[in-house]
Amino acid sequence: MEKIKSLYSSKEIKIAVIGLGYVGLPLAVEFGKYRHVVGYDINKKRIDELISGIDKTKELTTKEIFDARFVHFTYEISSLRECNFFIITVPTPINEHKNPDTSALESATKMISGILKKGDIVVYESTVYPGATEEMCVPILEKGSQLKFNIDFFCGYSPERINPGDKVHTLTKIKKVTSGSNDKVATIVDNIYSEIITEGTHLASSIKVAEAAKIIENTQRDINIALINELSIIFNKMGLDTNEILDAAETKWNFLPFRPGLVGGHCIGVDPYYLTYKSQEIGYDPEVILAGRKLNDSMGDYVVNVLVGEFKKRKININSQIRVLIMGFTFKENCPDIRNTKVIDIYRGLKKYNFVVDIFDTHADPKESKKEYGIKIEKSFNSNKYNALILAVRHSDFREYMKDIRKLMTNDGIIYDLKNFIDPRISDLRL
């Protein structure tokens, strides 16, 4: 323990950030303005791009990357050996059965275990269920290093709160929850993060508390959005405009400003399943959480059914000649992230009717979309007229296309606005 205190007081801690995606890169760059940092990723192409100042996630500019003078980007494990403060930020998705997929987390932990030294600290930022750090990761570290937890090495947990595409609530401006495997380590972890988080930190009493705090942040949002989605379904059946109703309701000071929509991405659409997994493991079947997940997961099918119903209402033949344009494919606006995008559910639902479906997105990477989902992303409009257009993502640069949007449509074409993006007098359907 004295070695750790000495390392911190003498500023000799050298940080390694494992995983340079949406979470890890901003961390490595921010720390790299003040400390020597090794930014590690297994993707050689990603490392080569970062060395050249290119961030394909569009979270950081070339200048911001180059301003971090003390960062060394690498895919070489040997470069990590000199580090003593490891921050693991790898993805924790779900599998096809909607159970936690911790393979990347376990792999990164096993890699670190092979170079772990006495006095080292390993901090996890990846979202997990309460208890995962100490129950799953620590045994891997002990086995690979032959060191004893909380005697030879130590752990911490500081959940990521990155909001992809958000240029206002950036890393340093979001309060950071921190924790450690004992009181002294917790203080060290908190002090390290305090060097870069201008908004301040919150030191949790234990790693499990920090893990649980993260998992309920997104679970709470998921349930709230599910409620609004259900209200939207009810109001649409009543012929009422959900967004008008919400505008009225939001005039009350304590009404929560949630809106209906697709719930995808790597956090809100995933994290509740980590909590329900752990809950079921300890013998409790959660009801509200799973009900919210079920409803939100069904919204893609709901959108398709509403559109098909509108075709039938207008006596438009349901056949393979119908053309539909989906505007937007990423899981949220103004970012290229396609992980767990729920727009794919709409696409697949439309294809079941053998419709011709085009997807237009100015942010999504066509190659990545093809590899991940087997679909083609258009970067320009073709000359075909569409029977329906679905505004699925609220990219800011889509506004320039809205002025002449009817030129893309057949005379009886349907505009379905899922994001309250355009004047309701222009759209035919709204979520």
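**Charged pairs in the model**

Modeller: In this predicted model, Arg259 is partly exposed, with a relative accessible area of 26%. Its partner in a salt bridge is Asp247, and the closest N and O atoms of the two are 2.6 Å apart. Because Asp247 belongs to helix 9 (residues 242–249) while Arg259 sits in the loop between helix 9 and helix 10, the pair ties together parts that are twelve residues apart in sequence. Asp247 is likewise partly exposed, its relative accessible area being 44%.

A further pair is Asp428 with Arg314, a salt bridge whose closest N and O atoms are 3.3 Å apart. Asp428 is partly exposed at 32% relative accessible area, and Arg314 is partly exposed at 30%.

Glu135 and Lys278 also form a salt bridge, with 2.9 Å between the closest N and O atoms. This pair links distant parts of the chain, since Glu135 is in helix 6 (residues 132–145) and Lys278 in helix 10 (residues 271–281), 143 residues apart. Here Glu135 is partly exposed, with a relative accessible area of 41%, whereas Lys278 counts as buried at 13% relative accessibility.

Across the whole structure, a search finds 28 salt bridges. Salt bridges also link Lys98, Asp222, Arg293, Asp297, Lys342 and Asp345 in a network.

Key:
Residues are numbered from 1 along each chain as its sequence is written. This is a predicted model: local features need pLDDT of at least 70, side-chain atom pairs count only at pLDDT 80 or more; totals for chains, interfaces and linings use all residues. Side-chain values use heavy atoms; hydrogens and water are left out. A salt bridge is a side-chain nitrogen of Lys or Arg within 4 Å of a carboxyl oxygen of Asp or Glu. Helices (H or I, at least four residues) and strands (E, at least two) are DSSP runs, numbered from the N terminus. Buried means under 20% relative accessible area, exposed over 50%, partly exposed in between (1.4 Å probe, protein chains only).
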